[in-house]
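Here is a short report on the strands, helices and charged pairs of one protein model. Keep the structure open while you read.

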Amino acid sequence: MDSEKKQVGGMSAERLDEAPVLISQTGEFEGRRWPLSRDEFLIGRAPECDVVVADRQVSRHHARLCRTNKGYVLEDLESKNGTHLNGAQIEGPVALQDGDVIQVALAISLMFVGTEATLPLSIDDAAQFGLGGLRMDPEAHRAWIKDAELEPPLSPAQYALLALLYKSSGRVVSRTEVIERVWPESNEAGVSEQAIDALVRRLRDRLAEVDPQHEYVVTVRGHGFRLDNPV
């Protein structure tokens, strides 16, 4: 066997198969994967970036992932509209963990998967098999937290909201999206913010009946809501 290893982007071919990946969860790139095969990985609007997002909300060089001895670190490159990790805007370099969700402005949401061993076949497979404490069966309108089924069942509005957040896989869901899913026959002006907040509060209360130690529905001020579903 040759002692030398074929190099691909600074990483040996045998290690490339084990490289962490980014998976797009939204928009035109939904389901697309980018292996992190180099020490630095650039996200932005400029054509030289590794992930090119042609959206005016995104800066030319918006964010960067760097490989360190302890894993990958995410850094915002003084972008105009910021970079969020699991719904919180980052201010400096932040270490990434398996399952973290990176949001670049409001243009694209990317899941960081640390190794191929934990990589779902697709975003839909992740939803189907329930990679988290919360699992849902959309066809049967059933939901479980840590194998305990929510009983009695959620109301139709509560279930519609939870299903929207669950399908979004950690992406921040706007209030407009909530209205379109939960109250499809109403226009945005016809549903008050108080009605949305009341629905979110009731859903949180139902989830807390099963798992009072964790807040699954997180409010991202000024943007909307996201599901924090720990593996």
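## Strands, helices and salt bridges

Trp144 stands opposite Glu149 in β16. This is a predicted model: local features need pLDDT of at least 70, side-chain atom pairs count only at pLDDT 80 or more, and totals for chains, interfaces and linings use all residues. Residues are numbered from 1 along each chain as its sequence is written, and side-chain values use heavy atoms, with hydrogens and water left out.

Helices (H or I, at least four residues) and strands (E, at least two) are DSSP runs, numbered from the N terminus. Two strands pair if DSSP finds at least two bridges between them. β14, β15 and β16 make an open sheet of 3 strands, in that order, with antiparallel pairing. Its edge strands are β14 (134-137) and β16 (148-149), each pairing on one side only. Strand β15 (residues 142-145) is joined to β16 by 2 bridges. Helix α3 (residues 156-167) lies across β14 and β15, at about 110° to β14. Such angles run from 0 to 180 degrees between N-to-C directions, with axes fitted to C-alpha atoms, for helices over the stretch in contact.

Strands β17 (residues 217-220) and β18 (residues 224-227) pair antiparallel over 4 bridges. Thr219 has Phe225 in β18 as its bridge partner. The two strands, β17 and β18, form a hairpin with 3 residues between them, and Gly222 in the turn has a positive phi of about 85°.

**Helix α4.** Buried means under 20% relative accessible area, exposed over 50%, partly exposed in between (1.4 Å probe, protein chains only). Val178, Ile179 and Val182 are buried in helix α4 (residues 175-182). The buried residues of α4 fall within an arc of 100° seen down its axis, so they line one face of the helix. The arc is taken from the directions from the helix axis to the C-beta atoms. These buried residues of α4 pack against α3, α5 (193-210) and β18. Contact means heavy atoms within 4.5 Å.

**Salt bridges.** A salt bridge is a side-chain nitrogen of Lys or Arg within 4 Å of a carboxyl oxygen of Asp or Glu. By this rule the count is 8.

Lys146 lies in the loop between β15 and β16, and Asp211 in the loop between α5 and β17, 65 residues apart. Lys146 is exposed, at 56% relative accessibility. Asp211 is buried, at 5%.
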